[in-house]
Amino acid sequence: MSETEQNKHPEKESATSRRSLLNKLWILLGIVALAELIGLVFAFFKPRMKRISKAERDAIIVAGPLDSFLPDTVTAFVRGKFYLARLADGGFLALSRSCTHLGCTVPWVAKENKFICPCHSSEFDITGEVISPPAPRALDIYQITIENNIVRVNTSKRKKRSEFTSGQITYPKNT
Ligand code: FES
């Protein structure tokens, strides 16, 4: 069509350019829909993301079966650096081995039924409560979970506390 002919039919030209614009719009919408579909398919087949990191998983120490801890006993765990104390009433506390005075490792002295710090002689009872200063506060604790009769201690977060309270004890569900 010559220029003179086009100028003769401006409405025809305008309809053609509108159709072309609509076609482009449809193509664009098709691309967006296809991209979304690909994203959905990818998300469906992609392996599920791990909810906890490897470091967090490693920080969870499997202490062992419930029955392997007798009431009124303290068990030391080298990995995780904590003591698992089972109280006389069957409850559990996971205690940090670090003295709250200046951080020395505090051993459990079974024959005296208490923790005695070798550095400045602070003493703590089985709950980690201070019974003799200079330690300014109770031993730190870790979170315990008991599932299917297995005791686990999460050593990723050490919780500071000023003193022992009964709310810090973890009990087996059927006790
Ligand atoms: S570090 Fe334990 S009493 Fe000083």
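# Reading pairs, rings and a pocket

Biologist: Let's start with Arg158. What is its relative accessible area, and how do I read that number?

Modeller: Keep in mind that this is a predicted model. Arg158 comes out at 44%, so it is partly exposed.

Biologist: Which residue does Arg158 form a salt bridge with?

Modeller: The general idea first: side chains of opposite charge can pair when their charged atoms come close. Here the partner of Arg158 is Asp140, with 3.1 Å between the closest N and O atoms. Arg158 sits in strand β10 and Asp140 in the loop between β8 and β9, so this pair ties together parts that are 18 residues apart in sequence.

Biologist: And Asp140 itself, buried or exposed?

Modeller: Buried, because its relative accessibility is 3%. Asp140 also meets Arg137 in a salt bridge, at 2.6 Å from N to O.

Biologist: How many salt bridges does the whole structure have?

Modeller: Four. Another of them runs from Lys114 to Glu112, where the closest N and O atoms are 3.8 Å apart. At 17%, Lys114 counts as buried, while Glu112, at 42%, counts as partly exposed.

Biologist: On to the rings. How many aromatic pairs are there, and how do I read one?

Modeller: Look at the spacing of the ring centres and the angle between the planes; under 30 degrees counts as stacked, over 60 as edge-to-face. The structure holds six aromatic pairs. Phe77 and Phe82 are stacked, with centres 4.8 Å apart and planes at 5°. Both are buried: Phe77 has a relative accessible area of 14%, and Phe82 has 0%.

Biologist: What kind of pair do Phe82 and Tyr142 form?

Modeller: That one is edge-to-face, at 6.3 Å centre to centre with 65° between the planes. Phe82 is in strand β3 and Tyr142 in strand β9, so the pair ties together parts 60 residues apart in sequence. Tyr142 is buried, as is Phe82.

Biologist: Now Val151. Where is it, and which residues does it touch?

Modeller: Val151 is placed in strand β10. With 0% relative accessibility, it counts as buried. Leaving aside residues up to four places away in sequence, its contacts include Ile61, Val62, Leu66, Phe69, Leu84, Phe92 and Ile144. Take Phe92: it is 59 residues from Val151 in sequence, yet their C-alpha atoms are 9.1 Å apart.

Biologist: Last one, the largest pocket. What is its volume, and which residues are closest to its centre?

Modeller: The volume is about 190 Å³. Of its 14 lining residues, Ile141, Tyr142, Gln143, Ile144 and Lys159 are the closest to the centre. The elements giving two or more residues to the lining are β4, β9 and β10. By class, the lining has six nonpolar, six polar and two charged residues.

Terms used. Residues numbered from 1 in each chain as written. Predicted model: local features only at pLDDT ≥ 70, side-chain atom pairs only at ≥ 80, totals over all residues. Heavy atoms only, no water. 1 Å grid on protein atoms, 1.4 Å probe; cavity = no way out; pocket = protein on both sides within 12 Å on 5 of 7 lines; lining within 4 Å. Points joined across faces, edges and corners; volume = space filled by probe spheres on them. Helix = DSSP H or I, 4+ residues; strand = E, 2+ residues; numbered from the N terminus. Nonpolar A, V, L, I, M, F, W, Y, C, P; charged D, E, K, R; others polar. Phe/Tyr/Trp six-rings, centres within 6.5 Å; stacked < 30°, edge-to-face > 60°. Buried < 20%, exposed > 50% of the residue type's maximum accessible area, 1.4 Å probe, protein only. Contact = heavy atoms within 4.5 Å. Salt bridge = Lys/Arg side-chain N within 4 Å of Asp/Glu carboxyl O.
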